[in-house]
Amino acid sequence: MLAAHLLVWVLAHGISDTNLDGYADMLENFAWGQTFEWGSAKHPPLFAWVTGAWFTVFPNTDTAYHLLSYANAALGLLGVYRVAQSIGREDLALPAVLLLCMAFPYSTLAVKFNANAILLSLWPWVAVAWIKSIQLEGRDGWTWSIGLGALSALAMLGKYYSGVFLLGIFLTALANADSRRWFLTPKPWLALAIFALCMWPHYRWLAAHDFVTLHYVSEQGGESGTSWSMVTKFAIAPVAFWLIPWLLCTWFVMPGQPTWTQRAQTWPVRMWRSWCPQSWDDSLFWFAMLPWAITLVFGMTGFVELSLPWAIPIGYGFSLLWLRNLSVDGTDLPWVASRLRLSVAIWLVLVLAISPWYAWHQAQNGTENHYLPRREAAHEVLKGWQERHPDQPLKWVGGQWAENALVAFYGDHHLRVIPGVPDQFPATVNPLTGWQQQAGVLLCPLGPLEKTEESTLCAEQMASWLFKQGQPQDPIEFKVHSEGLRFPLIKPFSYLVFDYVPPKAAQ
């Protein structure tokens with residue numbers, strides 16, 4: 001079922017989408033992944049490492065990127081299966097995964113691989129290692145404790161938001177007498193030592209770069225106080241993002257063989273019961289709910305300004321909690337699993353059926369991201385450079401971050417992508433050595449032709465920088481549009497390109 005989930009979603013996006021995300025987040029990942037660094041000006045480095053490693057094997061195509069996105073989600077779902085097995089509820093493992101297949105974070109939202117999405121595959125496996133470290137003795141216990149430390153470090157290197165998740169695990173361990181005894185053994189301290197060891201290179205990188213990543217994190221704080229609208233939205237995220245599986249779970253999971261009328265009459269009660277703890281030391285409840293609750297508290301205090309994408313990884317334990325709470329004696333879990341298999345099959349068929357309509361809808365409405373000609377722009381930049389400087393190899397591309405990465409992703413993957421210009425922040429965080437002697441272009445997208453402005457901030461900044469370098473400041477403007485059966489409208493987009501030619505080559 002995981003393979004079908006992965007392949008259907010990759011195929012569906014291949015049909016419906018003509019581009020990666022409109023915010024260029026995935027192009028940004030690709031650009032960061034061009035070099036192996038222990039940090040960046042914005043995020044910790046893990047998802048950039050993964051992206052870079054992926055595209056050393058797979059071609060630079062949207063389909064390959066979508067395959068990475070859904071392989072990441074599938075790895076997370078497999079982790080949830082292992083969590084169920086680890087807590088001794090293998091009977092819940094398959095239904096739990098089937099339910100999550102229909103949750104938005106593991107389906108529609110999983111397509112954008114970024115710092116939030118990579119936590120889908122990390123948090124469940126950290127939980128597995130934690131449970132095994134508590135349960136097992138001897139060599140296996142030590143091994144899982146080492147794994148706990150290493151996986152926890154990977155989670156933090158994915159996004160610092162994982163600190164909320166790790167705090168939740170710590171508090172869950174304190175809630176139960178059996179897990180409290182774990183703190184009296186050397187295992188948690190071994191895990192902590194391994195965690196510190198794995199995080200040490202990143203800390204050294206931060207110290208050498210004035211803790212630049214933490215400065216970005218601090219800017220996410222709520223400067224204007226608590227945003228109660230975002231608190232409200234985040235508060236209902238567990239229902240909104242997991243609505244379909246929650247409704248199906250609370251409908252199907254019921255003891256005996258009730259009629260449809262009986263199911264409907266008691267449905268609201270099961271909806272409420274699905275979220276309830278069984279006792280104060282209910283580890284599964286705290287384990288499932290604390291990441292959401294802790295984040296919500298931070299948002300309510302104004303410590304951070306909440307963002308809905310932060311909710312993407314928090315629900316790894318929701319389906320296990322619902323199933324555990326509702327599967328009382330007399331519940332036919334094999335029947336539930338069969339109903340959920342059918343539900344997932346129908347869900348995937350609907351996804352495939354809707355994707356051509358969605359593509360047609362975007363095409364007819366002239367959706368900007370649908371018509372965005374990234375491939376054509378990349379080819380035009382490289383073609384133009386070759387015509388202007390046939391004897392000068394192009395080495396880097398700067399300009400508007402991260403849209404400028406289209407030249408490397410869709411054109412020449414050997415080009416180093418630089419945010420802005422090479423001698424200014426943030427490019428200086430992970431600098432391109434010897435850029436002065438290497439030819440480059442600066443790309444400024446102007447947008448759709450009907451919305452194009454005569455001058456943009458990007459163009460002004462690039463011209464000013466070139467002036468300081470003693471370079472010509474006249475840009476080359478070109479217009480391209482997407483072509484083919486998927487583009488019934490002609491929507492040209494404008495771009496400006498500035499050339500940087502090394503002084504010796506220019507002479």
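**Stop one: a serine and its neighbours**

Select I118 and S121: the backbone oxygen of I118 lies 3.0 Å from a polar atom of the S121 side chain. S121 is in helix α6; helices (H or I, at least four residues) and strands (E, at least two) are DSSP runs, numbered from the N terminus. This is a predicted model, where local features need pLDDT of at least 70, side-chain atom pairs count only at pLDDT 80 or more, and totals for chains, interfaces and linings use all residues. Residues are numbered from 1 along each chain as its sequence is written, and side-chain values use heavy atoms, with hydrogens and water left out.

S121 is buried, at 7% relative accessible area (buried means under 20%, exposed over 50%, partly exposed in between, with a 1.4 Å probe and protein chains only). Apart from neighbours within four places in sequence, S121 contacts N72, L75 and G76 (contact: heavy atoms within 4.5 Å).

**Stop two: A117**

Select A117, in the loop between α5 (90-101) and α6 (118-135). A117 is buried, with a relative accessible area of 2%. Beyond neighbours within four places in sequence, A117 touches N72 and K112.

**Stop three: the disulfide**

Select C444 and C458, which form a disulfide with sulfur atoms 2.0 Å apart (the cut-off for such a pair of cysteine sulfur atoms is within 2.5 Å). C444 lies in strand β3 and C458 in helix α22, so the pair ties together parts 14 residues apart in sequence. The S-S torsion is about -75°, so this disulfide is left-handed.

Definitions and conventions. Polar contact = N/O pair within 3.5 Å; in protein donor to acceptor, adjacent residues only side chain to side chain.
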